[in-house]
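Please open the structure in the viewer and keep the selection tool at hand.

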Amino acid sequence: MNNVIKLESVKYENFILNIVIIIFYVKKMNERNPNENRFIVNNTNNNEEKTYKNRRSNQLIPDSKGYQDKLDFLRKNLQLNNEILKAIVIYPSGQTLERIDTRQEFPPHGPLIIAKLLQMLGFKVYVLPVHDKEDIRINFKKIINANLIAVSALTSPTYALLRSAIFYLDFCLKNWNISACKKPLRIIGGFHASYFPEITLTELNGDILIQGEGEQILYDLFGKNPKKLEEINGLFWINSDNEIKRPNVHAKKWQNFNKTPFPAFNLLPKDSFLLKNRVPISTNPKKKIGYGMKSISLLCARGCPFNCYFCGSQPEIIRYKKPKKIRDYLLKMIDKYDIDSFVISDETFTMNYSWVENFCEAVEDLGLAWSVTTRVDRLSPKILSRMKKAGCKEIKIGAESGDDRILTSMNKNINVKQLEVGVNMIANEGILVKLLLIHGLPGENLKSTQNTIKFLEKIKKYVHRVTVFSFRPLPGSYIWEHPEEFHLKSIIPDDVSGIHHELNHYWGSILEYEQVKIGRKLLNKYVNDTFPVISILNKEVKPELIQVISK
């Protein structure tokens, strides 16, 4: 009842809110710098930013002398196996994606798959997730003793953090007077590196940059039959004249994902990849919800065929691991770590019903609880029933918005009615529902926010959890590639650094931005009041949800 009253209050307060927005808009326009032509997120101190600009403007390509000798040395010793070669994989440590500030996220699969591949190729591998330059300082000796540094520029939102850490590493190398020939060979990879190869290669002081997926390229670099750099598609490197050389063609997608190894989680402390409170173990309506105490993250497939305009991933055919291989891996994790649950990180788990059926058959007798992420238009009562029987306890749905206009403009190819039906269907099968929303998408205003709140109010009895992200224009996305269509401000990669809870002015006028800010406060208040983040271990099933999952 209280939520209904709040919705009515929002409706009657629109007039006053609009007046406040207009007043604020006029005030901002009077204060605005006439030379300002874009929004800038400053993620580095002035000295660092000046250095980065100098690197770009003066084309000060980092030490490249001797990189071919280093590469040849690594290849020769890997073939002869007469010396222990050390590699260290550096990547930005994940930040919380939930409303719980102290929540720890699962480590990313990408850099840990690279770590496992390097192990398979003969390297002794270390991994170093970096939060800040202090991690570089503590591990500096280990870094300089390595023969190879693999730097993973995972995403644009975490790039500034990584760049600052690598800049500090180069500062330390210079102060220690470590010559170019003694510096480890540095290879750069990751999504951000693939989208901005030349500037990333320069800023991160790399010798070689891998554009695209790294499996085949690593085999071409360090396998039994290594190729010349000019023969490897998807490589950027710096030649003897300090010129960046680029491939004639992009690297092909790694088609046999079943051959891709599982991540080298064993190189990390247990408490960084074996997490608790991630997957509901029990959804018995007569009891409190019990959560798994030893959950791992699992990637069963790579790719997504959909083209949501806000997503940085390009649409592609999904490539799967075989269910038997996944089962064998889970059995090893049970034996070694006594896991009780796992979180599947695939973008659209239920895309292929036949594969899902085979997966459920493979894992059903393991007694593990698990959760997935998918779309409401890729669900059916039959497949949900099969998933529940095999141990699925929670399904995360990328709803994004409760406003049809926003969903259409973002090319989601679903509508609010489909979301309502899908969420109802999941809950009626006795599986918990978590909704993922993105607020502040281009075109967002008070009306679309109110529609999202009304949507949540309508389906709240079926929903267990809700997470709200703030929109960011991600490199590679349709929005990024078509800024005029979405009234995007002029932006550079630095503008999208930071995690997805921060609200920034990426599109539209100040008046439109103020509507987004007010709408976000209203949405946050509703979500926090209706779906509070309390102690997860003591969380009880909501009475409304009990009625649904008891059927």
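The model is a predicted one. In general, nonpolar side chains tend to be buried together in soluble globular proteins.

Next, centre the view on F123. Leaving aside neighbours within four places in sequence, F123 is in contact with L74, L78, L85, K86, A87, L118, L148 and F222.

**The whole chain**

Now display the entire protein as a cartoon. The protein contains 20 helices and 17 strands, and 54% of its 551 residues are buried. Among contacts between residues at least 6 apart in sequence, 75% join residues at least 24 apart.

Colour the model by pLDDT. The mean for the protein is 82, and 78% of the residues reach 70 or more. Select residues 19–65, where the pLDDT is below 50; beyond near neighbours in sequence, this stretch has 71 contacts in the model. Residues 96–100 also have pLDDT below 50, with 23 contacts beyond near neighbours in sequence. Where pLDDT is low, the predicted coordinates should not be read in detail.

**A loop residue**

Select T158, in the loop between β3 (148–152) and α7 (159–175). Is T158 buried or exposed? T158 counts as buried because its relative accessibility is 12%, under the 20% cut-off.

**Salt bridges**

The structure holds 20 salt bridges. Select R163 and E203, whose side chains form one of them (3.5 Å, N to O). R163 belongs to helix α7 and E203 to helix α9 (residues 197–203), 40 residues apart. Both R163 and E203 are buried.

Move on to E364 and R386, which meet in a salt bridge at 2.8 Å, N to O. E364 is in the loop between α13 (353–363) and β14 (369–374), whereas R386 is in helix α14 (residues 381–389). E364 is partly exposed, at 27% relative accessible area, while R386 counts as buried at 17%.

Then select R465 and E394, paired in a salt bridge at 2.7 Å, N to O. R465 lies in strand β17 (residues 465–470) and E394 in strand β15 (residues 392–400), so the pair ties together parts 71 residues apart in sequence.

Finally, select E213, E215, R302, E316 and R319, which salt bridges with shared partners join into one network.

Conventions:
Residues are numbered from 1 along each chain as its sequence is written. This is a predicted model: local features need pLDDT of at least 70, side-chain atom pairs count only at pLDDT 80 or more; totals for chains, interfaces and linings use all residues. Side-chain values use heavy atoms; hydrogens and water are left out. pLDDT is the predictor's confidence in each residue, from 0 to 100. Contact means heavy atoms within 4.5 Å. Helices (H or I, at least four residues) and strands (E, at least two) are DSSP runs, numbered from the N terminus. Buried means under 20% relative accessible area, exposed over 50%, partly exposed in between (1.4 Å probe, protein chains only). A salt bridge is a side-chain nitrogen of Lys or Arg within 4 Å of a carboxyl oxygen of Asp or Glu.
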